[in-house]
Amino acid sequence: MPLDALCLTAVAAELRRSLIGGKIDKLYQPARDQLLLYIRGQGENVRLLLSAAPGHPRAHLTTLSRENPGTPPMFCMLLRKHLLGGRILSLDQPPMERILDFKLETIDELGDRVERHLILEAMGRSANLILLDGAGRIIDCIRRVEGDLASGRRQVLPGLFYRPPEPPDKRNPLALDGSALRQALSNPTGREADSLLLDTFTGLSPLVARELAFRAGDSGEQLAQELEKLLDAVRREDFTPCVLVRDGKPVDFSFRPILQYGPETELQERESFSALLDSFYEEREQSERVRQRGQDLVQAVKRACDRTRRKLVNQEKELAATLDRERKRELGDILTSNLHAMEKGMKLLRTMDYYDPACREVDIPLDPLLTPQQNAAKYYKEYNKAKTAQDVLTVQLEKGRAELAYLESVLENLRLAEGERDLQEIRQELTETGYLRRQSKAKERSKKVSGKPMEFRSTAGLRISVGKNNNQNDLLTTKMAYKSDIWLHTQKIHGSHVILWLEGGEADLQSLTEAAQLAAWFSQGREGSRVPVDYTPVKYVKKPAGARPGMVVYTTYQTALVDPDPELAKRLRVK
């Protein structure tokens, strides 16, 4: 669910205990709509994530590493100028609003202590991060809004005084006593209880409204009592970070236990809201961020794939046409034996086909502008041309299929990319192989990016490495691994090169099985079962001269049938 006002209240209460009095040591902007603040507190140093992403705006402490861009964005540089070294004085939230106001004391250019405010508006598509001066004037914001006089949409632009969003035309339940709540929940129109709550009060999410209705049953009196209990817990800051898990995947979260779902949904408590939000958004946010940044690469590779497929189809048609070339030679022989019966200007020769067992007559088209000898030579020329074309097309088709296989492997590598560094490696690879244009000389002179393969540790303690792109696959297989180490790869489908490091010992069955499961998971067969994985010592794996990155041949191998296991990959991963 989105972070509603009540859940944000719980998060803010948790943040105050860690942030108030802390100083901002470092500040980064890992994504277009995210800020990461390193804060030196009284007892410990923490990292605060502020996200204004339209799909999941939020604020919480984080322990996850996030890759920062090589050049800080302008908004990041501005915040560093105004906030680095500043002390967090307070964290306020307007009643039942999805807004957090971080009040800070900083030093300006003249050395004077000044007040600054960093506002997080965690309101869905309108989410924003806004920096204010001490007078409440906007210095800048992460998402500028021009405003619209016709619709009344407010402006959010540098130089203007900050004006909070207009509150909805609903009542604040925290400002009402028990009798006022019961009066507000009188239901003369017979509306559903959850709809009545949403239409009457501000700050309630659909999930919380449904939960209150579920606990109250059909009783209007009980509905008011359940709402009173909820509001009392909010006033006491009695919150429980809970996540709802279905089929092993987190689907929702809340600040109190949710009972409305059946046994197919498991309720799990977390030690803190920061830990809950960190884990809940980790995978989906990372995949979305990489998808956005790598979209240009995906489109370029898909266009190259489509172009290669079209070329292969045309070449296969041309190759099929060459299979009838023997008939051209036969017609040339027939014309040569009938030169006496031909004259220049003839369009057709009807004669006996002595290549036909029945010796039936055949009509042979002629070019009236050519002599009889030239017409015969024309058929011989077409025969030789088709024979040469078959040889050339066979080679071209083999190259085209290898090219398509390489491009499909790059698409698979893009799925495995975990950050900007991985994307940059693939971008360099596509540039070197000619699928992307080379950048300007100044950018070309910049240092090449070299990432590291994924590292795992088997249950028995053996190291397992998994390449994330073709260059890493080549590096693992041909440069890093010893001849006695075990190389694994899915059979006849694209996937990562996997190395099981023996370090002078022998591979136990469990480590070998786990390495094969990793090879199956990091491949195109991840959604299947009983995926065939070939494995062999590295000494039997060779890279042909001139082969594309990541392409190898191997012999003397064995095959294991394993099931891909994403949980195994998470459990064995070495961070």
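Predicted model: local features only at pLDDT ≥ 70, side-chain atom pairs only at ≥ 80, totals over all residues.
Residues are numbered from 1 along each chain as its sequence is written, and side-chain values use heavy atoms, with hydrogens and water left out.

**View 1. Helix α1, residues 5-19.** Helices are DSSP runs of H or I with at least four residues, numbered from the N terminus. The end C-alpha atoms of α1 are 20 Å apart, which agrees with the 21 Å that its 15 residues should span at 1.5 Å a residue, the expected span being 1.5 Å times one less than the number of residues. Twelve of the 15 residues are buried, so α1 is largely enclosed by the rest of the structure; buried means under 20% relative accessible area with a 1.4 Å probe, protein chains only. Among the buried residues are L6, V11 and L19.

**View 2. Helices α11 (residues 420-432) and α13 (residues 470-480).** Their axes, lines fitted to C-alpha atoms over the stretch in contact, come within 9 Å and cross at roughly 90°. That makes α11 roughly perpendicular to α13, a term for angles of 65 to 115 degrees. In contact, meaning heavy atoms within 4.5 Å, D422, E425 and E429 of α11 meet N470, N471 and Q472 of α13.

**View 3. An open sheet of three strands in the order β11-β10-β12.** Strands are DSSP runs of E with at least two residues, and two strands pair if DSSP finds at least two bridges between them. The pairing is antiparallel, and five bridges join β10 (residues 242-246) to β12, where C242 stands opposite E269.

Terms used. Buried < 20%, exposed > 50% of the residue type's maximum accessible area, 1.4 Å probe, protein only. Axes fitted to C-alpha atoms, helices over the stretch in contact; angles between N-to-C directions. Parallel < 35°, antiparallel > 145°, perpendicular 65-115°, else oblique.
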